[in-house]
Amino acid sequence: MVKLGCCLPGGSFMPEGVAEVPQSIVEQITDNCYHILDAGFDYTEVGASMLYSLTDEELAELLAANAKRSLQLYAANSLFIPSLELSNPAADREKQTEYIHKVVDRLAMFGAKYAIFGSGGARSIPEGVSHEDGMKALYRFMNEFIDYANPRGVTLVIEPLRRRESNIFVTVPECAGVVREFNREGLALLCDSFHMSQENTPVDAVYDAVDLIVHCHMSEAPDRTCPGAITTGDPEYNKQFAACLNKVGYTGGVSAECSFADFKTDVPAIYAYMKKIFTEKDN
């Protein structure tokens, strides 16, 4: 059986009835994590930039909350900020190294296993840089990240993104090829049903990459709505995606990574839908 999780929403939220008193970042993270867990999810997935931006005092406060009741932080997305320019040979390598150490250390403090490498703005090859030079710079950075993260229990996980968000690492087969090319412990693959659908990738692409997949994301295309909240997309795509993962015996995590109309009410509905499609025998 897969593990079900939900990503924390972006933006800030106000306590009910006291909108004039904004929650601190620590309150936002803890309240939202506990709401996800109380709805039945197995784990939570946080934006890495949230952890990276915490002051030392906020970090200590969040660690204390986690010690009291685990936030079950399993993965972190939105891993790299665009200004790191990972595919630019002229980028500031000292800044990149500092970022790697700080973000990995903070993920490890909370026991997060997977650093999700989407970050299309950071990884895309910039204008004026050749594909060859861009990939060489990116691969150097990835190897540096793996060298530091893997001994600390954190795996770098490539997320294929639709072409609107990234000019490299777009499809599941492309990214599976990169993981096989690296052939390193500490690098793995994510499948995201939203990006797969947007790129017209068949759900059975997971079959050829099953040995590489350690994590998945799910939302409804084309508007990135909550799993089960159908707009104009294909209502069967996520059901078929779940059926394929079940068929290959996948037991990793599947996170709802989506926009929310109302976080508090959407989360229980998402859990019910995902639980249903991953336990049905014939999706």
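This is a predicted model: local features need pLDDT of at least 70, side-chain atom pairs count only at pLDDT 80 or more; totals for chains, interfaces and linings use all residues.
**The barrel.** Eight strands, paired in parallel, close into a barrel in the order β1-β2-β3-β4-β5-β6-β7-β8. On average, neighbouring strands of this sheet are turned by 30° against each other, direction ignored. To look at one pairing, take strand β3 (residues 73–77) and strand β4 (residues 114–117): they run parallel and are joined by two bridges. A76 has A115 in β4 as its bridge partner. Helix α11 (residues 263–279) packs on the sheet, where it touches β1, β7 and β8, and its direction makes about 150° with that of β1.

**The cores.** The largest nonpolar core has 87 residues, and the members that touch the most others are F80, M142, F145, F169 and V254. Helix α6 (residues 131–149) gives the most to this core, with nine residues. Leaving aside residues up to four places away in sequence, M142 touches F117, L156, I158, F169, F182 and L187.

**Helix α3.** What length should this helix have? At 1.5 Å a residue, its 13 residues (56–68) should span 18 Å, and the end C-alpha atoms are 18 Å apart, so the two values agree. Here is how its two sides compare:

| Side of α3 | Residues |
|---|---|
| Buried | L59, L62, N66 |
| Exposed, on the other side | E57, A67, K68 |

Definitions and conventions
Residues are numbered from 1 along each chain as its sequence is written. Side-chain values use heavy atoms; hydrogens and water are left out. Two strands pair if DSSP finds at least two bridges between them. Helices (H or I, at least four residues) and strands (E, at least two) are DSSP runs, numbered from the N terminus. Axes are lines fitted to C-alpha atoms, for helices over the stretch in contact, and angles run from 0 to 180 degrees between N-to-C directions. Contact means heavy atoms within 4.5 Å. A nonpolar core is a set of buried Ala, Val, Leu, Ile, Met, Phe, Trp, Tyr and Cys residues joined through side-chain atoms within 4.5 Å. Buried means under 20% relative accessible area, exposed over 50%, partly exposed in between (1.4 Å probe, protein chains only). The expected span of a helix is 1.5 Å times one less than its number of residues.
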